[in-house]
Amino acid sequence: MLKSILTAGLLALLTLTTQAQKLPKKKAILKTMTRANDYFMQKWPDTGKEITTNKTRPSHIWTRAVYYEGLLALHSVDKQKRYYDYAVDWSQKHQWGLHRGIETRNADNQCAGQTYLALYEIDPQPERLRDIKASIDLMVKSPQVDDWWWIDALQMAMPIYAKLGAITQDTAYYEKMYRLYNYSKTRHGGSGLYNPQDQLWWRDKDFVPPYKEPNGEDCYWSRGNGWVVAAMVRVLEIMPKGAPHREEYEQMYLAMMKALPPLQRPDGYWNVSLHDPTNYGGKELTGTALFTYGMAWGINHGLLDAKQYQPIITKAWNAMATECVHPNGFLGYVQGTGKEPKDGQPVSYTSKPDFEDYGLGCFLLAGTELVKMK
C-alpha cells in the first residue's frame with residue numbers, strides 16, 4: 001500500500017515537473033504580452049505626455065525608448081496597425097529628435113534612435129533618419145571613445161551604430177562602435193568593466209574590485225548584465241555576416257550565455273545580485289526577461305542548444321507570466337531605476353517602479369522571441 005502511494009506520489013511529482021517545463025502555446029504567450037501592453041497603452045494614450053517622478057522628464061528618454069523597442073518587437077509577430085501608429089505618434093511628438101539634441105554624446109539620450117531607425121526601415125522617410133544619424137555622425141568623427149562608462153550604454157546605443165552601418169553600408173559605424181565598446185570592456189574602471197574569469201560585467205567603476213558584496217563576491221547587477229546581453233543580441237541580429245568585429249560580439253554573447261544558467265534561481269528568476277542571493281535576493285522581472293530574451297534568441301538563431309536552454313527559458317517565462325503579470329496587465333516584481341541591487345527596493349508583486357515602461361519593453365522582447373521559436 002505504502003509502495004503504491006509513494007509510486008503515485010512520484011508520478012504526480014513527475015507530471016507536475018513536466019508540466020512546469022512546458023512552454024505555453026504561442027497564442028497564450030501572445031495573449032499575455034497583449035494584456036501587459038494594453039494596460040500601458042491605455043494608461044498612456046498621449047504618447048508625448050511628459051513623465052513625472054521625482055521630476056518631470058520628456059517622454060523620449062531611455063526608459064520609454066526601451067518600451068518602444070519591445071513594442072516594435074511585438075509588432076513583428078503581431079502586426080496590429082495600432083502598435084505601429086503608437087510608435088509613429090510618439091516619434092512625431094518629438095519630431096524624431098533626441099533628448100538634449102543631436103550634440104548629445106549620452107547613450108541614454110540616443111536610445112530613441114533605435115525606434116526611429118526601425119520605423120525608417122518600414123517607411124524610409126528622411127526625417128526618421130535625420131537627427132539620430134547626425135548625432136552618431138558627430139560621434140564617429142570625434143576621437144573620443146570613453147563615453148560608455150556604464151554598461152547599460154551598450155544596449156542603449158550599440159544597435160544604432162549597427163543599424164546605421166547596415167543601412168548605409170559604411171563600416172565607419174562598425175569601427176566606432178567597436179572602439180567605444182572595447183574601451184568599456186578593457187579600460188573603464190582601470191582594467192575594464194568585463195571580468196573574463198566570471199564572464200560577467202561590473203555595472204561601472206564603482207563596482208570593480210576591491211568593491212565586494214556582503215557575501216564577499218563581486219557585484220554583478222542582473223539588469224546591467226541583461227543590458228549587455230540585449231546589446232549583443234540586437235547587434236548580432238542587425239550586422240551582416242563578415243561585418244567588422246561581429247565575431248567579438250558573438251564570442252561575448254556565448255561567454256555570458258555560459259555564465260548565466262548556473263545562476264538561475266529554482267523558481268525561474270535571477271537575483272538582482274547575480275553572485276550574492278543575500279543582497280536583496282528575490283524575484284525580479286527585468287534582468288530575468290533580458291536573459292530569457294537572449295537565450296531564446298540564441299536558440300532561434302542556432303547559437304544555443306535547445307535541449308539545454310529551453311527548460312531554462314521555459315521556467316523563467318512561466319514564472320514571469322504567472323507571478324508578475326496582474327489581471328489588468330500591470331507588471332509586478334520590476335526593480336526601479338538605479339545601478340545596483342539596493343536601488344528601487346523593495347521589489348514585490350505590488351511594488352510600483354519609478355518608471356513602468358522599460359520593464360514592459362524587456363518583457364515584450366522576451367515574449368516575442370518565444371513566439372518565434374519553432
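Tutor: Let's start with a word we'll need: a cavity is a set of grid points where a 1.4 Å probe fits but cannot get out, whereas a pocket is an open set. Keep in mind that this is a predicted model.

With that in hand, the structure holds one cavity of 30 Å³ or more. The volume of the largest cavity is about 80 Å³. Around that space you'll find A36, Y39, F40, G329, F330, L331, V334, P353, E356, G359 and L360. Two helices, α2 (26–43) and α14 (357–372), each give at least two residues to this lining, and α2 has the largest share, with three. Sorted by class, the cavity's lining comes to eight nonpolar residues, two polar and one charged.

Now for the open spaces. The largest pocket has a volume of about 580 Å³. It is lined by 25 residues, and L72, A118, K163, R234 and E237 are the closest to its centre. Quite a few helices take part: α3 (62–77), α6 (113–122), α8, α10, α12 (285–300) and α14 each supply at least two lining residues. The biggest contributor is α6, with six. In this pocket the lining splits into twelve nonpolar, five polar and eight charged residues.

Then there's the second largest pocket, with about 420 Å³ of space. Here 21 residues form the lining, and those closest to the centre are R57, I61, W62, T63 and D108. Two or more residues each come from β2 (56–57), α3, α5 and α8. The lining of this second pocket divides into seven nonpolar, seven polar and seven charged residues.

Helix α8 (residues 152–168) packs against helix α10 (residues 222–238) at an angle of about 5°, and their axes are 7 Å apart. Angles under 35 degrees count as roughly parallel, so α8 and α10 are roughly parallel to each other. On the α8 side, the residues that meet α10 include M156, M158, P159, A162 and K163. Their partners in α10 include W227, A231, R234, V235 and I238. By class, this contact has 13 nonpolar residues, one polar and three charged.

Q169 isn't a glycine, yet it has a positive phi of about 60°. Its relative accessible area is 72%, so Q169 is exposed. Compare W96, in the loop between α4 (81–93) and α5 (107–110). W96 also has a positive phi, of about 55°, without being a glycine. Buried means under 20% relative accessible area, and W96, at 5%, therefore counts as buried.

One joins P209 and P210, with omega about 20°, and P210 is in the loop between β4 (200–201) and α10. The other runs from Q345 to P346, with omega near 0°; P346 is in the loop between α13 (306–323) and α14.

Note on methods:
Residues numbered from 1 in each chain as written. Predicted model: local features only at pLDDT ≥ 70, side-chain atom pairs only at ≥ 80, totals over all residues. Heavy atoms only, no water. Axes fitted to C-alpha atoms, helices over the stretch in contact; angles between N-to-C directions. Helix = DSSP H or I, 4+ residues; strand = E, 2+ residues; numbered from the N terminus. Parallel < 35°, antiparallel > 145°, perpendicular 65-115°, else oblique. Contact = heavy atoms within 4.5 Å. Nonpolar A, V, L, I, M, F, W, Y, C, P; charged D, E, K, R; others polar. 1 Å grid on protein atoms, 1.4 Å probe; cavity = no way out; pocket = protein on both sides within 12 Å on 5 of 7 lines; lining within 4 Å. Points joined across faces, edges and corners; volume = space filled by probe spheres on them. Buried < 20%, exposed > 50% of the residue type's maximum accessible area, 1.4 Å probe, protein only.
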